[in-house]
Amino acid sequence: MNVINKTIDLGDGRTITVETGKLAKQADGAVTVRMGNTMLLATVCGAKDAAPGVDFMPLQVDYKEKFSAFGRFPGGFTRREGKASDYEILTSRLVDRVLRPLFPDDYHAEVFVNIILFSADGEDIPDALAGLAASAALAVSDIPFNGPISEVRVARLDGRFIINPTFSQLENADIDIMVGATAENIMMVEGEMNEVQEADMLEAIKVAHEAIKDHCRVQLELAEECGKTVKRVYCHEENDEDLRAAVRAACYDKVYAIAVSGSGKQERTEAFEAIKDEFKAQYSEEDLEVKGALIDRYYHDVEKEAMRRAILDEGKRLDGRKTVEIRPIWIETDFVPGPHGAAVFTRGETQSLTTVTLGTKTDEKIVDDVLTHGKERFLLHYNFPPFSTGEARPQRAVGRREIGHGNLAHRALKRMIPEQYPYVVRIISDILESNGSSSMATVCAGTLALMDAGIPIRKPVSGIAMGLISENKGTNYAVLSDILGDEDHLGDMDFKVTGTKDGITATQMDIKVDGLSYEILEKALAQAKEGRLHILGKITEAMPQPRPELKPHAPRIETFTVGKEFIGAIIGPGGKIIQGIQEKTGATISIEEIDNKGVIEVSGTNKESIDAAIKAIKIIVSVPEVGEVYEGKISSVMPYGAFVEFMPGKDGLLHISEIDWQRLDTVEEAGLREGDPVKVKLVDIDPKTGKFKLSRKALLPKPEGYKEQERPQRPPRQNGGGGGHSHNRDGGGRR
């Protein structure tokens, strides 16, 4: 067994160990990556040949976490890992987006990368190691790959940058980004920030890249020691250079004319298809069976070249805009009446209808991942139906792309929800049209829908997607604001930036070309800021501030705290008390212990039901005060008076002399029976026994000319005698 180990020193006493040759030896490449007690196994397997007709890179990256890694059982009936969680999908996407552009353009064999978390310590975050593990597995295989790459998370804590921070460190960081890169170039950036400046984000990327360079060096050493520096020979494309030249000669000028015409998406798409169909018309069906796929590929190259040349040579984009120009925007809020907030945001040919729903504590999302368990009170769901791009196909389950785009918009907006906001908030973005940057439309529409719902967000947020067309390793380039779908597909960069007027809140960047300099990145960030602020101006013009009140049909919530010792009294035996209050008032009540206090949330569809429930709860938790008046109920009648439950679980004696101003011989003379309601005043609390003395007559007007009757003097106590009056349970009585 030829086991090879390499160590990466993080410079702060921590190390990362990469090992191969011990596990999964039948895979084309396999490594374990370990930091502390967190350990991943990454394997890669590649088909020897491409499937017939495949002209793309069929890469599949799967990141999976075992619950046993953290000594836990999975939930559910089967007690077995099920479908991938959102976290696993997002981690898979992080790795995929860096690996995919670095496979050779003509390599079309299926490649499967599997990354499995086998051990976790709850402190080190495993997603930061997944990219390194995947790339190292490729490095020790013979699969062609223009790497290595690595990914690191960089956080800023108290002004200091930390590579691969722990969970606890991340909680207080104002920058949290994941960076993927080769030793030479940045390939991917994704993360969130607390309204930081562009220069701060750029510095964080540079810090991450320096760490990645060490990771790449170690992988090259590992590959050399494994003897995997020579990759497998393949031939996945057969080309016809004469046909390529013919397609270009016949089509380029026509395509270029459309590229600079400034036409709309549908018109442009139909015109491009017509040129290709016209070229194909010269061939028979038999010839097209052989050459059709090649013509499609060569024609795609012509489209790409024409679009890029139009921008670089003439500064003309496909829809006629200048490089810094933002498409026309129209906005409408309160668009649909049913949700608690709604907005339509349309920018060019991209449109999002976004709604907001307000919920109570019972609507919280329960998160039960391997390393993360808790509850989420702010949810954002992004939907991308096929009709948004005019596609005639069925809509299936939510895909990885939808989860990824929704997560970006979630990160952009989540810090704007006020702390301790009592509602659970769910945003749903339905993309109704798409031609570039639908996730950024979601951010803008989400901001508007939140304000339309009456949520007092800290600040409005806008987002923009930037593109890049470059040649000669970036010596000639153009940065494009608010890119179209074709500019994303045919260009070199998709760089999304969201933020408030004061700084960046989230970002996602994918690079498809080598040679992106920090100069270009800095220009893109500056141009993105101008675009963001322009769009932000349109948002605040349409809705300057949140609505002052919730909409009439939105639920109302009141939250308050009580002493921990009252939780049991509010719930009651078997939940009897709290259920009774809910049934009587129609409100919904939840209670939990937080920080040694009982946190109570009362929600309802109207203020009356909430007020009634709060009043009932406050009666339970309130401390009786002398002089206060209470609505009570007679719990029992005695010869000397009545016992009244004037607060839940609290009885006091209403002595017969305190029922009325006139003298009574029995309680019944006043018309009082067991179970009757009675209003009483608390007149005294015995300091020794804590017993309560109540009065009804103190609430009645004193009769005119009323004279206090003299009480007869107590006879002298006889030797050995017990006195001349009867005792009762409150220590009082009548003679």
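**Entry one: helix 5 with helix 6.** I began with helix 5 (residues 241–259) and helix 6 (residues 265–280) in this predicted model. Their axes lie 10 Å apart, and the packing angle is about 155°. Angles over 145 degrees count as roughly antiparallel, so helix 5 and helix 6 are roughly antiparallel to each other. I noted the hand of the crossing as right-handed.

Which residues of helix 5 and helix 6 meet? From helix 5 I listed L243, A246, V247, A250, C251, K254, V255, I258 and A259. From helix 6 I listed R268, A271, F272, I275, E278 and F279. I then sorted the residues of this contact by class: 12 are nonpolar, none polar and three charged.

A reminder to myself: an α-helix has 3.6 residues a turn, so residues three or four places apart point the same way.

**Entry two: helix 2 with helix 4.** Next I took helix 2 (residues 127–139) and helix 4 (residues 198–226). Their axes come within 9 Å and cross at roughly 30°. Angles under 35 degrees count as roughly parallel, so I wrote down helix 2 and helix 4 as roughly parallel to each other. The crossing of helix 2 and helix 4 is right-handed.

L132, S135, A136 and A139 are the helix 2 side of the contact. They meet H215, Q219 and A223 in helix 4. By class I found four nonpolar residues, three polar and no charged ones.

**Entry three: the span of helix 4.** I checked the length of helix 4 against its residue count. At 1.5 Å a residue, its 29 residues should span 42 Å. The end C-alpha atoms are 42 Å apart, so the two values agree. What follows helix 4? I found G227, with a positive phi near 75°.

Strands of a sheet pair through backbone hydrogen bonds, either parallel or antiparallel. In what order do the eight strands of the open sheet run? I read 8-7-9-10-21-20-18-19, with antiparallel pairing. Strand 8 (160–163) and strand 19 (476–481) stand at the edges. Each has a single partner strand, so one side of each is left without a neighbour in the sheet. Neighbouring strands are turned by 15° against each other on average, direction ignored.

Strand 18 (residues 462–471) and strand 19 pair in the antiparallel sense over six bridges. S470 stands opposite Y477 in strand 19.

Helix 1 (residues 86–99) touches strand 7 (150–157), strand 9 (175–181), strand 10 (186–196) and strand 21 (503–511). The direction of helix 1 makes about 135° with that of strand 10. Helix 9 (residues 438–452) touches strand 18 and strand 20 (493–500). Its direction makes about 155° with that of strand 18.

I turned to an open sheet with the order 22-24-23 and antiparallel pairing. Which are its edge strands? They are strand 22 (556–563) and strand 23 (588–594), and each pairs on one side only. The twist averages 20° from one strand to the next.

Strand 22 and strand 24 (residues 597–604) pair in the antiparallel sense over eight bridges. I picked out T561, whose bridge partner in strand 24 is V599. Last, I noted helix 14 (residues 607–621), which lies across strand 22, strand 23 and strand 24. Helix 14 runs at about 155° to strand 24.

Terms used. Residues numbered from 1 in each chain as written. Predicted model: local features only at pLDDT ≥ 70, side-chain atom pairs only at ≥ 80, totals over all residues. Heavy atoms only, no water. Axes fitted to C-alpha atoms, helices over the stretch in contact; angles between N-to-C directions. Helix = DSSP H or I, 4+ residues; strand = E, 2+ residues; numbered from the N terminus. Parallel < 35°, antiparallel > 145°, perpendicular 65-115°, else oblique. Left-handed = near helix turned anticlockwise from the far one by under 90°. Contact = heavy atoms within 4.5 Å. Nonpolar A, V, L, I, M, F, W, Y, C, P; charged D, E, K, R; others polar. Pairing = 2+ DSSP bridges. Expected span 1.5 Å × (residues − 1).
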